[in-house]
Amino acid sequence: MTAVGPGSKAKGVIWLLAALLTGGAVALGLPFFARQIPWSMEQRLAAWQGGLPDITASDVTRNKETAALLDRVIRRVYPLYPADREFPVKISVIRGKTVNAFAYLGGEIYVYEGLLQQTESAEELAGILAHEIEHVRRRHIIQTLCVRLLTTGAIRFIFTGQGTVDPQLAGMLLHMRFSREQEGEADEGGLKRLADANIDPAGLQGFFRRAGQRPTMPTILSDHPANAARAELMAKYRPAATVPIMDPVEWAVVKKACR
Ligand SMILES: [Zn+2]
C-alpha cells in the first residue's frame, strides 16, 4: 500500500501549479513561434491530413464559364500586396448547404455553395474571401492549431499521464474557432484589402445584416465580429473610388450553378 501523506499532496499541488504556469507561458509565446513555422511545413501538414472529409467540388468550379467568373472575384482581392505571394492561397467552392467559408492549413480556403446562395453580389463574396485570406496571411490557422494541440495535449498529460495526439485532428481543423483578437485582425485586414482593391464594402455589410436576420444563425456569424464593430472599421477603410467586379446578371449565373 502506498502512503499518501500531506507531503505528497503538497508536491502534487506544486507540480500542478508548475505545469499550469509553464503551459501559460508557452501558450502566450506560442503564436510568435507558430508564425516562424515555415510555410512549406504548413503545406506538408495540410497534405498529411489526407484532405478533408466530405469535400466535393461545386459545379461552380467545374464549369468553365462560372469558374472564370469566380476567378474574376478572386483576382480582385488576391494577390494584391507583394507579401501575398509569400503565402499562396487556393480558393475552392464546395457542395453543401452550410452558410460558411473557412481557411484551412496551407492556404486552402473553402466556400460552401450555401454561402454563395446567400450573397446578392460578387462584392459580398469578395469581402468574405478578403477576411479568410487575412486569416491565412497572418498565420492564424497554424497558430490556433499549435495552441489547441498544446493545451489539449497538456491537459491530457496532467490527468492521464499519456501524451497522445488528438485523433480528431482533422475534425478539429474543420471546426476551427479563431480567437476574438484574430477575428478582429482578419476583419480589419479584410476591409483594408477591399478598400485597396476599390471594392464597395457595403455589400459585405449587407450580407452580414441579412444573415443576422435569418431565423437560424449561420455558422459564419457565430465567430465573427459584431456589425457595430465592422461598421466602425468600414468608416475607417473607405475606398477612394469603387469599381464593380461584375454585373448582377453575371453573378446570378454563378449562383445558379449551385445545387
Ligand atoms: Zn474569421
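**Ground rules.** Because the model is predicted, local features need pLDDT of at least 70 and side-chain atom pairs count only at pLDDT 80 or more, while totals for chains, interfaces and linings use all residues. Residues are numbered from 1 along each chain as its sequence is written.

**The chain as a whole.** The protein chain has 13 helices and three strands. Helices (H or I, at least four residues) and strands (E, at least two) are DSSP runs, numbered from the N terminus. Of the 259 residues, 29% are buried. A residue is buried if 20 or more other C-beta atoms lie within 10 Å of its own, exposed if 12 or fewer, and partly exposed in between; the C-beta atoms are placed from the backbone. Contacts also tell a story. Two residues are in contact if their C-beta atoms, placed from the backbone, lie within 7 Å. Among contacts with a separation of 6 or more, 74% link residues 24 or more positions apart.

**The nonpolar core.** In soluble globular proteins, nonpolar side chains tend to be buried together. A nonpolar core is a set of buried Ala, Val, Leu, Ile, Met, Phe, Trp, Tyr and Cys residues joined through C-beta atoms within 7 Å. The largest one here has 40 residues. Ala-101, Ile-109, Val-111, Ala-126 and Leu-129 have the most contacts inside it. Helix 6 supplies the largest share of this core, eight residues.

Take Ala-101. Leaving out residues up to four places away in sequence, Ala-101 touches Ile-109, Tyr-110, Val-111, Tyr-112, Leu-115, Ile-128, Glu-132 and Ile-220.

Now take Ile-91, in strand 1 (residues 90-94). Ile-91 counts as buried because it has 22 C-beta neighbours inside 10 Å. Its contacts, not counting residues up to four places away in sequence, are Ile-74, Ile-109, Val-111 and Leu-129. Ile-91 and Leu-129 are 38 residues apart along the chain, yet their C-alpha atoms are separated by 8.4 Å.

**How helices pack.** Two packed helices are described by the angle between their axes and the distance between the axes. Axes are lines fitted to C-alpha atoms, for helices over the stretch in contact, and angles run from 0 to 180 degrees between N-to-C directions.

| Helix pair | Axes come within | Crossing angle |
|---|---|---|
| Helix 6 (residues 122-137) and helix 10 (residues 202-212) | 7 Å | roughly 85° |
| Helix 6 and helix 9 (residues 180-196) | 8 Å | roughly 125° |
| Helix 9 and helix 12 (residues 227-236) | 9 Å | roughly 35° |

Angles under 35 degrees count as roughly parallel, over 145 as roughly antiparallel, 65 to 115 as roughly perpendicular and the rest as oblique. Helix 6 and helix 10 are therefore roughly perpendicular. Glu-123, Glu-124 and Gly-127 of helix 6 meet Gly-203, Leu-204, Gly-206 and Phe-207 of helix 10. That contact has two nonpolar, three polar and two charged residues. For these classes, Ala, Val, Leu, Ile, Met, Phe, Trp, Tyr, Cys and Pro count as nonpolar, Asp, Glu, Lys and Arg as charged, and the others, Gly among them, as polar.

Helix 6 crosses helix 9 at roughly 125°. That makes helix 6 oblique to helix 9. The crossing is right-handed. A crossing is left-handed if the near helix is turned anticlockwise from the far one by less than a right angle, and right-handed if clockwise. The residues that meet include Ala-126 and Ala-130 in helix 6, and Ala-186 and Leu-194 in helix 9. By class, this contact has five nonpolar, five polar and four charged residues.

Helix 9 and helix 12 also cross in a right-handed way. Asp-187, Glu-188 and Leu-191 of helix 9 meet Arg-230, Leu-233 and Met-234 of helix 12. Three of these residues are nonpolar, none are polar and three are charged.

A cis peptide bond joins Tyr-78 and Pro-79, with omega about -10°. Pro-79 sits in the loop between helix 4 (64-77) and strand 1. Arg-139 has a positive phi near 60° and is not a glycine. Arg-139 lies in the loop between helix 6 and helix 7 (140-160). Asn-198, also not a glycine, has a positive phi of about 60°. The loop holding Asn-198 runs between helix 9 and helix 10.
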